[in-house]
Amino acid sequence: MHLRYSYRIYPTAGQRAVLARAFGCARVVYNDALAARKEARKAGQPYPRSTDLQKLVITAAKKTPERAWLASVGVDPLIQSLRDLDTAYRNFFDSVSGKRAGRPVGLPRFKSKRDNRQSLRFTRNGFRIRSNGKLNLAKIGDVRVKWSRNLPVDPSSVTIVLDAAGRYHAGFVVDVEPEPLPEASAEVGIDLGLTTYAVLSDGTVIDNPRFLRRAEKKLKAAQRELSRKAKGSRNRAKARIKVAKAHAKVADTRMDWLHKQTTRIIRETQAVYLEDLNVRGLARGPLAKSVHDAGWSTFRRLLEEKAARYGRTIGIVHRAFPSSQLCSACGHRDGPKPLHVREWACGACGVLHDRDLNAARNILAAGQADRLNAPGGPVRPGVAIPRQARPVERGTRLGDLQPTGVRAAGAGGIPRL
(Lines give C-alpha, C1' and ligand atoms only; values in the text may rest on other atoms or scores of the structure.)
Protein backbone atom coordinates (compact mmCIF):
# COMPACT_ATOMS: atom_id res chain seq x y z
CA MET A 1 0.00 0.00 0.00
CA HIS A 2 1.09 3.57 -0.68
CA LEU A 3 1.62 6.06 2.13
CA ARG A 4 2.65 9.71 2.12
CA TYR A 5 5.11 11.11 4.66
CA SER A 6 5.08 14.90 4.89
CA TYR A 7 7.89 17.07 6.28
CA ARG A 8 8.56 20.79 6.58
CA ILE A 9 11.34 22.08 4.34
CA TYR A 10 13.18 25.39 4.59
CA PRO A 11 14.50 26.60 1.22
CA THR A 12 16.80 29.60 1.07
CA ALA A 13 15.75 32.90 -0.51
CA GLY A 14 17.35 31.91 -3.81
CA GLN A 15 15.74 28.48 -3.74
CA ARG A 16 12.34 30.05 -3.04
CA ALA A 17 12.74 32.18 -6.16
CA VAL A 18 13.63 29.12 -8.24
CA LEU A 19 10.68 27.21 -6.78
CA ALA A 20 8.34 30.09 -7.63
CA ARG A 21 9.59 29.94 -11.22
CA ALA A 22 9.09 26.18 -11.30
CA PHE A 23 5.54 26.52 -9.92
CA GLY A 24 4.76 28.98 -12.70
CA CYS A 25 6.27 26.81 -15.44
CA ALA A 26 4.33 23.73 -14.32
CA ARG A 27 1.13 25.79 -14.21
CA VAL A 28 1.71 27.19 -17.73
CA VAL A 29 2.40 23.72 -19.15
CA TYR A 30 -0.80 22.41 -17.55
CA ASN A 31 -2.87 25.29 -18.92
CA ASP A 32 -1.35 25.05 -22.40
CA ALA A 33 -2.10 21.32 -22.55
CA LEU A 34 -5.65 21.89 -21.33
CA ALA A 35 -6.18 24.63 -23.94
CA ALA A 36 -4.88 22.30 -26.68
CA ARG A 37 -7.35 19.61 -25.71
CA LYS A 38 -10.23 22.07 -25.53
CA GLU A 39 -9.41 23.38 -29.00
CA ALA A 40 -9.24 19.82 -30.34
CA ARG A 41 -12.66 19.10 -28.90
CA LYS A 42 -14.17 22.25 -30.47
CA ALA A 43 -12.68 21.26 -33.83
CA GLY A 44 -14.19 17.78 -33.55
CA GLN A 45 -10.80 16.11 -33.37
CA PRO A 46 -9.73 13.36 -30.95
CA TYR A 47 -7.95 14.35 -27.78
CA PRO A 48 -4.17 14.70 -28.28
CA ARG A 49 -2.22 11.92 -26.62
CA SER A 50 0.11 12.64 -23.73
CA THR A 51 3.20 12.09 -25.85
CA ASP A 52 1.95 14.53 -28.48
CA LEU A 53 1.12 17.10 -25.80
CA GLN A 54 4.58 16.71 -24.29
CA LYS A 55 6.19 17.47 -27.63
CA LEU A 56 3.86 20.42 -28.23
CA VAL A 57 3.80 22.25 -24.88
CA ILE A 58 7.28 21.33 -23.58
CA THR A 59 9.78 20.28 -26.25
CA ALA A 60 8.60 22.58 -29.05
CA ALA A 61 7.55 25.38 -26.70
CA LYS A 62 11.09 25.71 -25.31
CA LYS A 63 12.31 26.68 -28.79
CA THR A 64 9.87 29.59 -29.08
CA PRO A 65 10.60 33.09 -27.71
CA GLU A 66 7.32 33.09 -25.75
CA ARG A 67 8.13 29.89 -23.81
CA ALA A 68 11.95 29.83 -23.83
CA TRP A 69 12.01 30.24 -20.04
CA LEU A 70 10.62 26.70 -19.64
CA ALA A 71 14.21 25.47 -20.08
CA SER A 72 15.23 27.17 -16.82
CA VAL A 73 13.52 24.48 -14.70
CA GLY A 74 13.78 20.71 -14.63
CA VAL A 75 11.71 18.77 -17.13
CA ASP A 76 10.46 16.23 -14.57
CA PRO A 77 7.90 18.52 -12.86
CA LEU A 78 6.62 19.64 -16.27
CA ILE A 79 5.96 16.06 -17.36
CA GLN A 80 4.25 15.31 -14.04
CA SER A 81 2.00 18.31 -14.62
CA LEU A 82 0.79 16.71 -17.86
CA ARG A 83 0.16 13.45 -16.00
CA ASP A 84 -1.94 15.36 -13.49
CA LEU A 85 -4.05 16.62 -16.40
CA ASP A 86 -4.48 13.05 -17.67
CA THR A 87 -5.62 12.01 -14.19
CA ALA A 88 -8.11 14.88 -14.05
CA TYR A 89 -9.65 13.85 -17.39
CA ARG A 90 -9.71 10.19 -16.36
CA ASN A 91 -11.54 11.05 -13.14
CA PHE A 92 -14.09 13.09 -15.10
CA PHE A 93 -14.83 10.33 -17.61
CA ASP A 94 -15.00 7.68 -14.87
CA SER A 95 -17.41 9.87 -12.93
CA VAL A 96 -19.65 10.38 -15.97
CA SER A 97 -19.66 6.67 -16.84
CA GLY A 98 -20.30 5.60 -13.25
CA LYS A 99 -16.97 3.86 -12.69
CA ARG A 100 -15.97 6.41 -10.03
CA ALA A 101 -18.01 6.48 -6.84
CA GLY A 102 -18.70 9.56 -4.77
CA ARG A 103 -19.41 13.13 -5.74
CA PRO A 104 -19.54 14.03 -9.45
CA VAL A 105 -16.25 15.24 -10.90
CA GLY A 106 -16.23 18.11 -13.38
CA LEU A 107 -13.97 18.85 -16.32
CA PRO A 108 -10.43 20.08 -15.58
CA ARG A 109 -10.12 23.84 -15.14
CA PHE A 110 -7.31 26.27 -15.78
CA LYS A 111 -4.94 26.91 -12.88
CA SER A 112 -4.31 30.39 -11.52
CA LYS A 113 -1.17 31.89 -10.03
CA ARG A 114 -3.41 33.21 -7.23
CA ASP A 115 -4.36 29.73 -6.05
CA ASN A 116 -3.73 29.18 -2.35
CA ARG A 117 -1.77 26.01 -3.01
CA GLN A 118 1.09 25.48 -5.44
CA SER A 119 2.75 22.12 -5.97
CA LEU A 120 5.47 20.31 -7.92
CA ARG A 121 6.11 16.58 -8.17
CA PHE A 122 9.46 14.93 -8.82
CA THR A 123 9.99 11.26 -9.65
CA ARG A 124 13.09 9.22 -8.83
CA ASN A 125 15.09 10.93 -11.59
CA GLY A 126 14.40 14.40 -10.21
CA PHE A 127 15.40 14.12 -6.55
CA ARG A 128 17.67 12.37 -4.11
CA ILE A 129 18.22 12.38 -0.34
CA ARG A 130 21.77 13.29 0.59
CA SER A 131 23.73 11.54 3.32
CA ASN A 132 23.64 14.77 5.35
CA GLY A 133 19.81 14.68 5.36
CA LYS A 134 19.23 17.39 2.77
CA LEU A 135 16.83 16.93 -0.14
CA ASN A 136 18.40 17.53 -3.54
CA LEU A 137 15.96 18.68 -6.24
CA ALA A 138 16.89 18.95 -9.90
CA LYS A 139 17.94 22.52 -10.86
CA ILE A 140 17.00 23.74 -7.36
CA GLY A 141 19.75 22.37 -5.12
CA ASP A 142 19.98 20.93 -1.63
CA VAL A 143 17.04 21.93 0.58
CA ARG A 144 17.04 21.61 4.36
CA VAL A 145 14.40 19.18 5.68
CA LYS A 146 13.02 18.90 9.21
CA TRP A 147 12.99 15.11 9.62
CA SER A 148 10.35 14.44 12.27
CA ARG A 149 10.55 10.66 11.65
CA ASN A 150 12.45 8.27 9.43
CA LEU A 151 11.17 7.04 6.08
CA PRO A 152 10.41 3.29 6.19
CA VAL A 153 11.69 2.67 2.62
CA ASP A 154 13.08 4.64 -0.27
CA PRO A 155 10.42 6.98 -1.68
CA SER A 156 9.19 6.72 -5.26
CA SER A 157 8.30 10.41 -5.64
CA VAL A 158 8.23 13.67 -3.73
CA THR A 159 5.75 16.55 -3.98
CA ILE A 160 6.82 20.05 -2.99
CA VAL A 161 3.86 22.06 -1.70
CA LEU A 162 3.58 25.77 -0.92
CA ASP A 163 0.46 26.46 1.16
CA ALA A 164 -1.46 29.69 1.74
CA ALA A 165 0.50 30.40 4.93
CA GLY A 166 3.78 30.48 3.00
CA ARG A 167 5.03 27.16 4.39
CA TYR A 168 6.88 24.62 2.24
CA HIS A 169 6.32 20.88 2.67
CA ALA A 170 7.82 17.81 1.03
CA GLY A 171 5.50 14.82 0.71
CA PHE A 172 7.28 11.51 0.03
CA VAL A 173 5.30 8.57 -1.39
CA VAL A 174 6.47 5.16 -0.14
CA ASP A 175 5.23 1.65 -0.86
CA VAL A 176 4.95 -0.45 2.32
CA GLU A 177 3.36 -3.73 3.29
CA PRO A 178 0.39 -3.83 5.70
CA GLU A 179 1.37 -4.24 9.35
CA PRO A 180 -1.41 -6.21 11.08
CA LEU A 181 -1.66 -5.60 14.80
CA PRO A 182 -2.27 -8.45 17.28
CA GLU A 183 -5.93 -9.41 17.19
CA ALA A 184 -8.07 -7.69 19.81
CA SER A 185 -11.31 -9.00 21.28
CA ALA A 186 -13.09 -5.65 21.62
CA GLU A 187 -15.50 -4.24 19.05
CA VAL A 188 -17.15 -0.84 19.36
CA GLY A 189 -19.90 1.18 17.79
CA ILE A 190 -19.42 4.94 17.62
CA ASP A 191 -22.11 7.60 17.69
CA LEU A 192 -20.76 10.97 16.46
CA GLY A 193 -22.24 14.23 17.66
CA LEU A 194 -21.60 17.89 18.38
CA THR A 195 -22.27 18.19 22.13
CA THR A 196 -19.81 15.34 22.67
CA TYR A 197 -17.64 14.44 19.71
CA ALA A 198 -18.13 10.69 20.00
CA VAL A 199 -19.67 8.17 22.38
CA LEU A 200 -18.43 4.60 22.16
CA SER A 201 -20.59 1.59 22.93
CA ASP A 202 -18.29 0.64 25.82
CA GLY A 203 -19.17 3.90 27.59
CA THR A 204 -16.11 5.95 26.53
CA VAL A 205 -16.95 9.59 25.87
CA ILE A 206 -14.73 11.80 23.67
CA ASP A 207 -15.33 15.49 24.30
CA ASN A 208 -15.68 17.88 21.38
CA PRO A 209 -12.59 20.15 21.36
CA ARG A 210 -14.20 22.78 19.08
CA PHE A 211 -10.92 24.07 17.68
CA LEU A 212 -12.49 26.63 15.36
CA ARG A 213 -14.80 28.03 18.04
CA ARG A 214 -11.91 28.42 20.49
CA ALA A 215 -9.80 30.31 17.93
CA GLU A 216 -12.68 32.34 16.52
CA LYS A 217 -11.84 35.53 18.44
CA LYS A 218 -8.28 35.60 17.13
CA LEU A 219 -9.43 34.74 13.60
CA LYS A 220 -11.98 37.57 13.57
CA ALA A 221 -9.35 40.08 14.73
CA ALA A 222 -6.94 38.99 11.99
CA GLN A 223 -9.70 39.12 9.36
CA ARG A 224 -10.74 42.63 10.44
CA GLU A 225 -7.13 43.76 10.16
CA LEU A 226 -6.94 42.32 6.66
CA SER A 227 -10.14 44.07 5.53
CA ARG A 228 -8.70 47.47 6.50
CA LYS A 229 -5.62 47.16 4.29
CA ALA A 230 -5.53 48.69 0.83
CA LYS A 231 -5.84 46.16 -1.97
CA GLY A 232 -2.56 45.46 -3.71
CA SER A 233 -0.44 46.85 -0.85
CA ARG A 234 2.37 45.02 0.92
CA ASN A 235 0.61 45.44 4.24
CA ARG A 236 -2.40 43.61 2.85
CA ALA A 237 -0.16 40.75 1.72
CA LYS A 238 1.30 40.53 5.23
CA ALA A 239 -2.17 40.58 6.78
CA ARG A 240 -3.35 37.85 4.41
CA ILE A 241 -0.49 35.60 5.46
CA LYS A 242 -1.34 36.28 9.10
CA VAL A 243 -4.93 35.12 8.52
CA ALA A 244 -3.72 32.06 6.62
CA LYS A 245 -1.35 31.12 9.44
CA ALA A 246 -4.15 31.41 12.00
CA HIS A 247 -6.38 29.09 9.96
CA ALA A 248 -3.49 26.70 9.34
CA LYS A 249 -2.88 26.43 13.07
CA VAL A 250 -6.52 25.47 13.65
CA ALA A 251 -6.43 22.89 10.85
CA ASP A 252 -3.13 21.39 12.02
CA THR A 253 -4.33 21.14 15.63
CA ARG A 254 -7.54 19.43 14.54
CA MET A 255 -5.69 16.95 12.32
CA ASP A 256 -3.21 16.10 15.08
CA TRP A 257 -6.08 15.46 17.49
CA LEU A 258 -7.96 13.30 14.98
CA HIS A 259 -4.84 11.22 14.31
CA LYS A 260 -4.36 10.57 18.03
CA GLN A 261 -8.00 9.58 18.59
CA THR A 262 -8.23 7.28 15.56
CA THR A 263 -4.89 5.62 16.35
CA ARG A 264 -6.01 4.84 19.89
CA ILE A 265 -9.31 3.37 18.68
CA ILE A 266 -7.64 1.21 16.03
CA ARG A 267 -5.05 -0.12 18.49
CA GLU A 268 -7.60 -1.10 21.13
CA THR A 269 -10.42 -2.57 19.00
CA GLN A 270 -10.68 -5.23 16.33
CA ALA A 271 -13.76 -3.80 14.59
CA VAL A 272 -15.27 -0.33 14.52
CA TYR A 273 -18.80 0.49 13.35
CA LEU A 274 -19.96 3.96 12.31
CA GLU A 275 -23.15 5.51 11.06
CA ASP A 276 -23.15 6.81 7.47
CA LEU A 277 -23.90 10.46 8.25
CA ASN A 278 -25.04 12.88 5.56
CA VAL A 279 -22.28 15.38 6.29
CA ARG A 280 -22.87 17.39 3.11
CA GLY A 281 -26.52 17.90 4.02
CA LEU A 282 -25.77 18.80 7.63
CA ALA A 283 -23.10 21.27 6.47
CA ARG A 284 -25.79 23.26 4.65
CA GLY A 285 -27.97 23.70 7.73
CA PRO A 286 -27.90 26.02 10.76
CA LEU A 287 -25.14 23.93 12.38
CA ALA A 288 -22.82 24.21 9.38
CA LYS A 289 -19.92 25.84 11.22
CA SER A 290 -19.99 23.27 14.01
CA VAL A 291 -20.25 20.40 11.52
CA HIS A 292 -17.23 21.64 9.56
CA ASP A 293 -15.32 22.19 12.80
CA ALA A 294 -15.96 18.60 13.90
CA GLY A 295 -14.36 17.01 10.82
CA TRP A 296 -16.47 13.84 10.83
CA SER A 297 -15.48 12.88 7.28
CA THR A 298 -11.79 13.13 8.14
CA PHE A 299 -12.38 11.04 11.26
CA ARG A 300 -14.02 8.30 9.21
CA ARG A 301 -11.36 8.47 6.46
CA LEU A 302 -8.52 8.13 8.95
CA LEU A 303 -10.21 5.15 10.61
CA GLU A 304 -10.66 3.41 7.25
CA GLU A 305 -7.06 4.06 6.17
CA LYS A 306 -5.56 2.86 9.44
CA ALA A 307 -7.86 -0.17 9.55
CA ALA A 308 -6.64 -1.23 6.10
CA ARG A 309 -3.02 -0.83 7.22
CA TYR A 310 -3.27 -2.59 10.58
CA GLY A 311 -5.72 -5.39 9.78
CA ARG A 312 -8.82 -4.01 11.47
CA THR A 313 -12.45 -3.98 10.29
CA ILE A 314 -14.59 -0.92 9.62
CA GLY A 315 -18.36 -1.30 9.21
CA ILE A 316 -20.71 1.43 8.02
CA VAL A 317 -24.35 1.32 9.14
CA HIS A 318 -26.93 2.83 6.79
CA ARG A 319 -27.88 6.40 7.65
CA ALA A 320 -31.59 5.49 7.75
CA PHE A 321 -31.06 2.98 10.57
CA PRO A 322 -33.03 4.35 13.60
CA SER A 323 -30.21 4.10 16.14
CA SER A 324 -31.79 6.74 18.40
CA GLN A 325 -35.25 5.16 18.31
CA LEU A 326 -34.49 1.57 19.32
CA CYS A 327 -34.05 0.35 22.88
CA SER A 328 -30.67 -1.36 23.13
CA ALA A 329 -31.98 -3.57 25.96
CA CYS A 330 -35.16 -5.06 24.47
CA GLY A 331 -35.26 -3.79 20.87
CA HIS A 332 -38.50 -1.82 21.21
CA ARG A 333 -38.76 1.01 18.68
CA ASP A 334 -39.92 4.07 20.58
CA GLY A 335 -40.20 6.55 17.71
CA PRO A 336 -38.25 9.69 16.80
CA LYS A 337 -37.19 12.21 19.44
CA PRO A 338 -36.11 15.86 19.18
CA LEU A 339 -32.43 16.67 19.66
CA HIS A 340 -32.91 18.29 23.07
CA VAL A 341 -34.01 14.93 24.53
CA ARG A 342 -30.74 13.46 25.84
CA GLU A 343 -32.27 10.75 28.05
CA TRP A 344 -35.39 8.66 27.60
CA ALA A 345 -37.06 5.63 29.14
CA CYS A 346 -38.12 2.67 27.03
CA GLY A 347 -41.90 2.34 26.86
CA ALA A 348 -41.68 -1.46 26.82
CA CYS A 349 -39.07 -2.43 29.43
CA GLY A 350 -38.69 0.88 31.27
CA VAL A 351 -34.88 1.03 31.00
CA LEU A 352 -33.50 4.58 31.20
CA HIS A 353 -31.16 5.32 28.28
CA ASP A 354 -28.57 7.96 27.54
CA ARG A 355 -29.39 8.95 23.96
CA ASP A 356 -25.84 8.78 22.58
CA LEU A 357 -24.73 5.66 24.44
CA ASN A 358 -27.91 3.83 23.42
CA ALA A 359 -27.32 4.83 19.77
CA ALA A 360 -23.70 3.64 19.92
CA ARG A 361 -24.82 0.24 21.25
CA ASN A 362 -27.42 -0.06 18.50
CA ILE A 363 -24.82 0.83 15.86
CA LEU A 364 -22.50 -1.85 17.28
CA ALA A 365 -25.17 -4.54 17.15
CA ALA A 366 -26.36 -3.51 13.68
CA GLY A 367 -22.81 -3.52 12.33
CA GLN A 368 -22.03 -6.90 13.87
CA ALA A 369 -25.23 -8.40 12.49
CA ASP A 370 -24.52 -7.11 9.01
CA ARG A 371 -20.90 -8.27 9.14
CA LEU A 372 -21.83 -11.79 10.25
CA ASN A 373 -24.86 -12.13 8.01
CA ALA A 374 -23.08 -11.03 4.82
CA PRO A 375 -20.69 -14.03 4.61
CA GLY A 376 -23.39 -16.47 5.72
CA GLY A 377 -22.88 -16.51 9.47
CA PRO A 378 -25.62 -16.25 12.09
CA VAL A 379 -27.01 -12.86 13.00
CA ARG A 380 -27.03 -13.68 16.72
CA PRO A 381 -24.17 -15.60 18.35
CA GLY A 382 -24.99 -19.22 19.03
CA VAL A 383 -27.95 -19.33 16.59
CA ALA A 384 -27.47 -21.43 13.46
CA ILE A 385 -29.15 -20.55 10.18
CA PRO A 386 -30.62 -23.21 7.89
CA ARG A 387 -29.40 -21.68 4.64
CA GLN A 388 -26.59 -19.55 3.31
CA ALA A 389 -27.34 -15.87 3.71
CA ARG A 390 -27.29 -13.79 0.57
CA PRO A 391 -24.64 -11.04 0.31
CA VAL A 392 -25.99 -7.71 1.45
CA GLU A 393 -24.98 -4.20 0.64
CA ARG A 394 -22.63 -2.31 2.89
CA GLY A 395 -24.67 -1.11 5.85
CA THR A 396 -27.87 -2.23 7.52
CA ARG A 397 -30.64 -3.30 5.16
CA LEU A 398 -33.61 -0.94 5.17
CA GLY A 399 -35.96 -3.82 4.52
CA ASP A 400 -35.14 -5.28 7.91
CA LEU A 401 -36.44 -2.26 9.80
CA GLN A 402 -39.82 -2.91 11.41
CA PRO A 403 -42.46 -0.36 12.39
CA THR A 404 -42.83 1.00 15.92
CA GLY A 405 -43.70 -1.57 18.56
CA VAL A 406 -41.86 -4.57 17.13
CA ARG A 407 -39.42 -6.13 19.59
CA ALA A 408 -36.10 -7.61 18.66
CA ALA A 409 -33.59 -9.77 20.50
CA GLY A 410 -30.08 -8.63 21.27
CA ALA A 411 -28.54 -5.30 22.12
CA GLY A 412 -28.97 -3.79 18.69
CA GLY A 413 -32.70 -4.16 18.12
CA ILE A 414 -32.20 -6.04 14.85
CA PRO A 415 -35.63 -7.46 13.97
CA ARG A 416 -36.14 -11.21 13.97
CA LEU A 417 -36.25 -12.77 10.49
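I take buried as under 20% relative accessible area, exposed as over 50%, and partly exposed as in between, with a 1.4 Å probe and protein chains only. The model is predicted, so I note that local features need pLDDT of at least 70 and side-chain atom pairs count only at pLDDT 80 or more, while totals for chains, interfaces and linings use all residues. Residues are numbered from 1 along each chain as its sequence is written, and side-chain values use heavy atoms, with hydrogens and water left out.

**Ring pairs**

I searched the whole structure and found eleven aromatic pairs. Rings of Phe, Tyr and Trp (its six-membered ring) pair if their centres lie within 6.5 Å; planes under 30 degrees apart are stacked, over 60 edge-to-face, the rest tilted.

I looked up Y7 and F172. Their ring centres are 5.8 Å apart and their planes meet at 65°, so I log the pair as edge-to-face. Y7 is in strand 1 (residues 2-10) and F172 in strand 7 (residues 168-175), 165 residues apart. I take strands as DSSP runs of E, at least two residues, and helices as runs of H or I, at least four, numbered from the N terminus. Both Y7 and F172 are buried. Ring pairs also join Y7, F127, W147 and F172 into a cluster.

Next I checked Y89 and F93. This pair is stacked, at 6.2 Å between centres and 25° between planes. They are four residues apart in helix 3 (residues 75-97), about one helical turn. Y89 is buried at 6% relative accessibility. F93 is partly exposed at 39%.

**Charges over rings**

I count a charge as over a ring if NZ of Lys or CZ of Arg is within 6 Å of the ring centre and within 35 degrees of the ring normal. K111 has its charged end over the ring of Y30, 4.3 Å from the centre. K337 lies over the face of W344, 4.0 Å from the ring centre.
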